[in-house]
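Biologist: Got the file open. Can you walk me through the fold, piece by piece?

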Amino acid sequence: MKKILIIEDDPEIIKLLEIHLTDLIYSTEKAMDGEVGLEMALKNDYDLILLDLTLPTMDGFTICKKIREKKNTPVIMLTAKSEEIDRVLGLEIGADDYITKPFSIRELLARVKAVMRRTAVSKVEKQNSETLSFEGLLIDINKRKVILNNQRIELSPKEFELLVLMASNPGRNYSRTELLNIIWGYNFEGYEHTVNSHINRLRAKIESDMANPTYILTSWGVGYKFNEDIGT
């Protein structure tokens, strides 16, 4: 059974989420305090975290950032704020999705299902190979594992999906808008800089020289591509 952590300080919202998520055969745990929620997120394994932005003791942005430093658990941020800067910041620090209150429970459940689906192994079963191998880099798709120079590299779900997509099609140019639509899955039009942030974090993890990358190349005036000239 999939397990979801709800970090939220409104008991009515928690109750509503627990009822509907249980109906979808998910198990839930809750935290009504930011520091407690962060401790639970880091100590336990969850399939998804629903994270409120405004919490006692620690805000949702800080929690999401600290989770991303240690784990790749998918995160959907919940907030009463609708300003664009909040949405952009939430996505750029590693949140997988973002929904503002008041929200339709049907929409939230659809978002939960979408994130679960995107992070499932079935997301990459269509690939021709279970592994992608390049000079110094091995990507095990089914195990969602990346090995760089014989050392395992931890990637967030979005970073992994970006890497698999581009590495599966070396030399193919992807615009920022195209990557946004493919990886994030629905209308994030206007947030192409979120792609830049994720590409920069991905490069920081797999490139030895950010100024002269080996794997993820910039296609000037277009977007990005995986280097087709790398040997296996």
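This is a predicted model: local features need pLDDT of at least 70, side-chain atom pairs count only at pLDDT 80 or more; totals for chains, interfaces and linings use all residues.

Biologist: Fine. How many helices and strands are there in the protein chain?

Modeller: The protein chain has 8 helices and 12 strands. Both are DSSP runs numbered from the N terminus: helices are H or I with at least four residues, strands are E with at least two.

Biologist: Back to that pair. How many bridges join E1 to E2?

Modeller: Strand E1 (residues 3-7) and E2 run parallel, joined by 5 bridges. Two strands pair if DSSP finds at least two bridges between them. Ile-7 also stands opposite a residue of E2, Ala-31.

Biologist: And in what order do the strands of that sheet come?

Modeller: The order is E2-E1-E3-E4-E5, an open sheet of 5 strands with parallel pairing. Strand E2 (27-31) and strand E5 (97-100) are at the edges with a single partner strand each, so one side of each has no neighbour in the sheet. The twist averages 20° from one strand to the next. Angles run from 0 to 180 degrees between N-to-C directions, and axes are lines fitted to C-alpha atoms, for helices over the stretch in contact.

Biologist: Which helix packs on the sheet and touches E1 and E2?

Modeller: Helix H1 (residues 11-23) does. H1 also touches strand E3 (48-52) and strand E4 (75-79), and its direction makes about 170° with that of E1. Contact means heavy atoms within 4.5 Å. Helix H3 lies across E1, E3 and E4, at about 155° to E3.

Biologist: Why is E1 largely enclosed?

Modeller: Because 4 of the 5 residues of E1 are buried. Buried means under 20% relative accessible area, exposed over 50%, partly exposed in between (1.4 Å probe, protein chains only).

Biologist: You mentioned H3. How do the axes of H2 and H3 cross?

Modeller: Helix H2 (residues 34-43) and helix H3 (residues 60-70) have axes that come within 10 Å and cross at roughly 20°. That makes H2 roughly parallel to H3. The cut-offs: under 35 degrees is roughly parallel, over 145 roughly antiparallel, 65 to 115 roughly perpendicular, the rest oblique.

Biologist: Which residues meet there?

Modeller: From H2, Gly-34, Leu-38, Ala-41 and Leu-42. From H3, Ile-63, Lys-66, Ile-67 and Lys-70.

Biologist: Is Ala-41 buried or exposed?

Modeller: Ala-41 is buried, with a relative accessible area of 1%. Not counting residues up to four places away in sequence, Ala-41 touches Leu-5, Tyr-46, Ile-49, Ile-67 and Lys-71. Ala-41 and Cys-64 are 23 residues apart in sequence, and 9.7 Å apart in space, C-alpha to C-alpha.

Biologist: New topic. Which strands form the antiparallel sheet?

Modeller: That open sheet has 3 strands in the order E10-E12-E11, with antiparallel pairing. Strand E10 (174-175) and strand E11 (216-219) are the edge strands, each pairing on one side only. E11 pairs with strand E12 (residues 223-226) over 4 bridges. Ser-219 stands opposite Gly-223 in E12.

Biologist: What packs on it?

Modeller: Helix H6 (residues 157-167) packs on the sheet and touches E10, E11 and E12, its direction making about 65° with that of E12. Helix H8 (residues 192-206) lies across E11 and E12, at about 140° to E11.

Biologist: How do H7 and H8 cross?

Modeller: At roughly 80°; the axes of helix H7 (residues 176-184) and H8 come within 8 Å. That makes H7 roughly perpendicular to H8. Residues that meet include Trp-184 in H7 and His-198 in H8.

Biologist: Last one. Which residues is Thr-218 in contact with?

Modeller: Leaving aside neighbours within four places in sequence, Thr-218 is in contact with Arg-203, Gly-223 and Tyr-224. Thr-218 is found in E11. Thr-218 is partly exposed, with a relative accessible area of 23%.

Methods. Residues are numbered from 1 along each chain as its sequence is written. Side-chain values use heavy atoms; hydrogens and water are left out.
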